[in-house]
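Thanks for coming, everyone. Please have the fold up on your screens while I talk.

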Amino acid sequence: MNLFTSWQRRKCAMMPDNLIAALFPDGHTVTSGPENTLSGHARCGGKTVEVLGITDGTPLGPETALVLAGRVLEIVKSGSKAPIVFLIDTASQRMTRRDEMLGLNEYLAHLAKSITLASIEGHRTISVLYGTAAAGAFIATALATQTMVAVDGAHPSVMDLPSIARVTKLPLEVLTEKAKETPVFAPGVEPLAATGAVTEIWKLSDGESAKRLAALLSDEQTGRADGRDQLGATRGGRKMAADVANRVAAAFLNTNVLEKAE
């Protein structure tokens, strides 16, 4: 291991102090950790919550994914059922040959499944996006939680328009025009809110973030079911997803009824 790689492994995050202060005025123990991660406890709405994060726009590589997933699994194993709040600022997955050869997709999948497991085991999972988040890193962190909130400085994208143009072979000009009317083509907070991926958009400066987070933490109904397709239908950003999901669920139930009848 060369000195540069060794330094990278020890590198710790810069704390997003203004965000943490706005969300947890009742106190916290959040500290920076290895691989530009955050970890600790906080008080919100009378509850103790677990806080995890990735900061400084750090590309999500195998090491960071393992640190975060390991902490999530520790929380699940504790049996506390404590809510988990993720603070997210990650550029993208770390697209190096070394990481691809190590099977980066599996590390990202492991992190996403760990967060999903926490939700299944009764932990309310909420992500607060305060910086960039793109591609696989976005999917494996913020989108893996039950609820995603965007605050000042957030800029999410599953794939930017130039990348979509390269993959689809469609001219960038065509995609730019489509993005004006179809949110799924467009990066940014507003288009993703229209699709239902971003549940709420907050301004830290209004002093209401802690109260809003407490409300989300107490909303057990949202925590039990993924209603993002319904939210997207209501907002006009995903017109077909909810209908298709309902039809698939109905077909599944009808098949089970017929099998039992036989």
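Start at Asn 36, in the loop between strand E1 (31-33) and strand E2 (37-44). Helices (H or I, at least four residues) and strands (E, at least two) are DSSP runs, numbered from the N terminus. Asn 36 is not a glycine, yet its phi is positive, about 55 degrees. Most residues other than glycine have a negative phi. Is Asn 36 buried or exposed? Buried, with a relative accessible area of 4%. Buried means under 20% relative accessible area, exposed over 50%, partly exposed in between, with a 1.4 Å probe and protein chains only.

A word on the source. This is a predicted model: local features need pLDDT of at least 70, side-chain atom pairs count only at pLDDT 80 or more, and totals for chains, interfaces and linings use all residues. Residues are numbered from 1 along each chain as its sequence is written, and side-chain values use heavy atoms, with hydrogens and water left out.

Now Lys 169. Its phi is also positive, near 65 degrees, and Lys 169 is not a glycine either. Lys 169 sits in the loop between helix H7 (161-168) and helix H8 (172-181). Lys 169 is exposed, with a relative accessible area of 70%.

The axes of H7 and H8 come within 9 Å and cross at roughly 120 degrees. Axes are lines fitted to C-alpha atoms, for helices over the stretch in contact, and angles run from 0 to 180 degrees between N-to-C directions. H7 and H8 are therefore oblique to each other. On cut-offs: angles under 35 degrees count as roughly parallel, over 145 as roughly antiparallel, 65 to 115 as roughly perpendicular, and the rest as oblique. The contact of H7 with H8 has 7 nonpolar, 2 polar and no charged residues. Ala, Val, Leu, Ile, Met, Phe, Trp, Tyr, Cys and Pro count as nonpolar, Asp, Glu, Lys and Arg as charged, and the others, Gly among them, as polar.

Next pair. Helix H3 (residues 62-78) packs on helix H5 (residues 104-120) at about 20 degrees, with the axes 9 Å apart. H3 and H5 are therefore roughly parallel. Their contact divides into 14 nonpolar, 2 polar and no charged residues.

On to the core. Which residues have the most contacts inside the largest nonpolar core? Leu 52, Leu 60, Val 72, Phe 86, Ile 88, Leu 111 and Phe 138, in a core of 33 residues. A nonpolar core is a set of buried Ala, Val, Leu, Ile, Met, Phe, Trp, Tyr and Cys residues joined through side-chain atoms within 4.5 Å. Elements that each supply at least two residues include H3, H5, strand E4 (84-90) and helix H6 (135-140). There is a second, separate core of 22 residues, with Leu 23, Phe 24, Leu 213 and Leu 217 among them.

Look at Phe 138. Leaving out residues up to four places away in sequence, Phe 138 touches Leu 129, Ala 133, Leu 143, Met 148, Pro 156, Ser 157, Val 158 and Leu 192. Contact means heavy atoms within 4.5 Å.

Then Ala 134, in strand E5. Ala 134 is buried, at 16% relative accessible area.

Last, the whole chain. It comes to 13 helices and 8 strands. Of its 262 residues, 45% count as buried.
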